[in-house]
Amino acid sequence: MQHYSEILSEVLISEEQLQARIAQLAQQLDADYATHPDLLLVCILRGGVMFLTDLMRKMTVPHQIDFMSIGSYGSGARSSTGNVRVILDLQTDIRGRHVVLVEDIVDSGHTLARVLELLNSRQPASLKVCCLLDKESRRQTPVPIDYVGFPIEDKFVFGYGLDLDEYWRNLPFIGVVG
Ligand code: PRP
């Protein structure tokens, strides 16, 4: 395992920039869900964990959290294939609930498309998407994103939940692999 400093070419989004934008997103969610105290935030493991925990700490509207883990068949791919499978499902019954999916990054869109299809079939009252990073130029499947932290270019990014061979998710900033 290489130290990240040997691989980092630039800090794309600093800790300060991340926290400032996440505070804005939290404010927006607070306003949009002010009248829906049954809000459920659904985090897609593992990359979304840092974003979820910072976002929810900045939110004041009452909400619950739950987690899903999604995998794609075919390893080594830079983004997911169309064959997305559920590894860990929700414990919460979302029928009639207001749900916001919290993701770290949307790339091809395959993961999100599959999760949205699955969760919509359970008939939530509403289902929205909040993603920190949107790499729109890589999209293979159109997916609706309601709250975007930062649109980004097609660069290999890591840190703040996103891994480099499963390491360095703990970094407080988003870096670019050089
Ligand atoms: C990443 C990310 C999204 C997905 C986006 O997860 O967290 O869930 O890929 O890619 P897509 O738009 O091409 O489907 P990853 O599979 O790397 O797992 P991780 O979150 O555990 O790192």
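Predicted model: local features only at pLDDT ≥ 70, side-chain atom pairs only at ≥ 80, totals over all residues.

Trainee: How many residues does helix α1 have, and what span does it reach?

Mentor: Helices are DSSP runs of H or I with at least four residues, and strands are runs of E with at least two, numbered from the N terminus. The expected span of a helix is 1.5 Å times one less than its number of residues. Helix α1, residues 15-32, has 18 residues and reaches 26 Å from its first C-alpha to its last, close to the 26 Å expected.

Trainee: Which residues of α1 are buried?

Mentor: A residue is buried under 20% relative accessible area, exposed over 50%, and partly exposed in between, using a 1.4 Å probe and protein chains only. In α1 the buried residues are Leu 18, Ile 22, Leu 25, Ala 26, Leu 29 and Asp 30. Seen down the axis of α1, these buried residues fall within an arc of 140°, so they line one face of the helix; the arc is that of the directions from the helix axis to the C-beta atoms. On the other side of α1, Glu 16, Gln 27 and Ala 31 are exposed.

Trainee: What do the buried residues of α1 pack against?

Mentor: Contact means heavy atoms within 4.5 Å. The partners of the buried residues include β1 (8-13), α2 (49-58) and β5 (98-106).

Trainee: How many salt bridges does the structure hold?

Mentor: A salt bridge is a side-chain nitrogen of Lys or Arg within 4 Å of a carboxyl oxygen of Asp or Glu. The structure holds 13 salt bridges. One of them joins Arg 57 and Asp 54, with the closest N and O atoms 3.0 Å apart.

Trainee: Where do Arg 57 and Asp 54 lie?

Mentor: An α-helix has 3.6 residues a turn, so residues three or four places apart point the same way. Arg 57 and Asp 54 are three residues apart in helix α2, about one helical turn. Arg 57 is exposed at 63% relative accessible area, whereas Asp 54 is buried at 14%.

Trainee: Which side chain meets Asp 107 in a salt bridge?

Mentor: That of Arg 138, at 2.9 Å from N to O. Asp 107 lies in the loop between β5 and α3 and Arg 138 in the loop between β6 and β7, so the pair ties together parts 31 residues apart in sequence.

Definitions and conventions. Residues numbered from 1 in each chain as written. Heavy atoms only, no water.
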